[in-house]
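Let's walk through this model together, one region at a time. Keep the structure open beside you and turn it as we go.

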Amino acid sequence: RIADKDGKLSPPLTGVPAVYVRGQGGLLDVALSPRFATHQLVYLWFAEPGDGGAGTAVARGRLAGNALEQVQVTWRQTPKVESPNHWGSRLVFGKDGTLFVTTGDRFRFRERVQDLGSTIGKVIRINADGSVPADNPFARRDGAKPEIWSYGHRNLQGAALHPETGRLWTIEHGAAGGDELNHPEAGKNYGWPTITYG
């Protein structure tokens, strides 16, 4: 729905892709393109059902009235797994127009967080169209997903760009009751599940 400045809600938008609504899954984040005023592109970060269970996905569509048109999924988490929790869930556009996407460990799949062949428990960096930036840290590494920016994350549910430096900051749920505040850097390992200071 669209909320106007007075809080009035529109009818539900049409064109939203099928969403897996279970546990902590659902429609998890919405971001406007940095050039929204020019082309009205809206980005959705959501739990997507599919073979093997569900995984997070990024879709974009053009806002026209109360509809999203020309909707396409531009990125999908792999693999899809059976677990309703720890999805991550934030979209943040960098100053260079790339898109940071946070994913969680899906609760029961923490062993895949250290696996560079999986996008579980990672910060992902893609171009606005879903392609992979050539300067990503694992873009040329055999056996690694080229879209990975950083790894070893448990459940990144907060993310923002510093307004002056353009640096990404994230908040990650700690396993022992405290959360982590990080600024994920290219190619770095943030330790989960081997270590946490939560």
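A residue counts as buried when its relative accessible area is under 20%, and as exposed when that value is over 50%. Keep this cut-off in mind as you look around the structure, which is a predicted model.

Let's begin with Arg154, which sits in the loop between β8 (148–151) and β9 (156–161). Is Arg154 buried or exposed? Its relative accessible area is 12%, so Arg154 is buried. What does Arg154 touch, leaving aside residues up to four places away in sequence? The list is His86, Gly104, Asp105, Glu172, His173, Gly174, Ala175 and Trp192. Two of these neighbours deserve a second look. The side chain of Arg154 reaches the backbone oxygen of His173 at 3.3 Å. With Trp192, the charged end of Arg154 sits over the ring, 5.3 Å from its centre.

Going forward, β9 belongs to an open sheet of three strands, ordered β9-β10-β11 with antiparallel pairing. The edges are taken by β9 and β11 (180–182); each has a single partner strand, so one side of each has no neighbour in the sheet. From one strand to the next, the twist averages 15 degrees. Five bridges pair β9 with strand β10 (residues 168–172) in the antiparallel sense. To find one of them on screen, look for Leu161, whose bridge partner in β10 is Leu168.

Going back instead, β8 is part of an open sheet of four strands, again with antiparallel pairing, in the order β5-β6-β7-β8. Here β5 and β8 stand at the edges with a single partner strand each, so each has one side left without a neighbour in the sheet. The twist in this sheet averages 15 degrees from one strand to the next.

Now follow β5 (residues 88–93) itself. Five of its six residues are buried, which leaves the strand mostly covered. It runs antiparallel to strand β6 (residues 99–103), and four bridges join the two. Along this pairing, Gly88 has Thr103 as its bridge partner, and Leu91 stands opposite Val101. Between the two strands of this hairpin lie five residues, and Gly97 takes a positive phi near 90 degrees there.

How many aromatic pairs does the structure hold? There are five. In one of them, Tyr20 and Trp87 have ring centres 5.6 Å apart and planes at 55 degrees, so the pair is tilted. Tyr20 lies in the segment before β1 (27–32) and Trp87 in the loop between β4 (67–76) and β5, so this pair ties together parts that are 67 residues apart in sequence. Both Tyr20 and Trp87 are buried.

Another pair joins Tyr43 and Phe93; their ring centres are 5.1 Å apart and their planes stand at 80 degrees, so the pair is edge-to-face. Tyr43 counts as buried at 1% relative accessibility, and Phe93 is buried with a relative accessible area of 13%.

Finally, return to Trp87, where the charged end of Arg106 sits over the ring, 3.7 Å from its centre.

Definitions and conventions
Residues numbered from 1 in each chain as written. Predicted model: local features only at pLDDT ≥ 70, side-chain atom pairs only at ≥ 80, totals over all residues. Heavy atoms only, no water. Buried < 20%, exposed > 50% of the residue type's maximum accessible area, 1.4 Å probe, protein only. Contact = heavy atoms within 4.5 Å. Polar contact = N/O pair within 3.5 Å; in protein donor to acceptor, adjacent residues only side chain to side chain. Pairing = 2+ DSSP bridges. Axes fitted to C-alpha atoms, helices over the stretch in contact; angles between N-to-C directions. Phe/Tyr/Trp six-rings, centres within 6.5 Å; stacked < 30°, edge-to-face > 60°. Lys NZ or Arg CZ within 6 Å of the ring centre and 35° of its normal.
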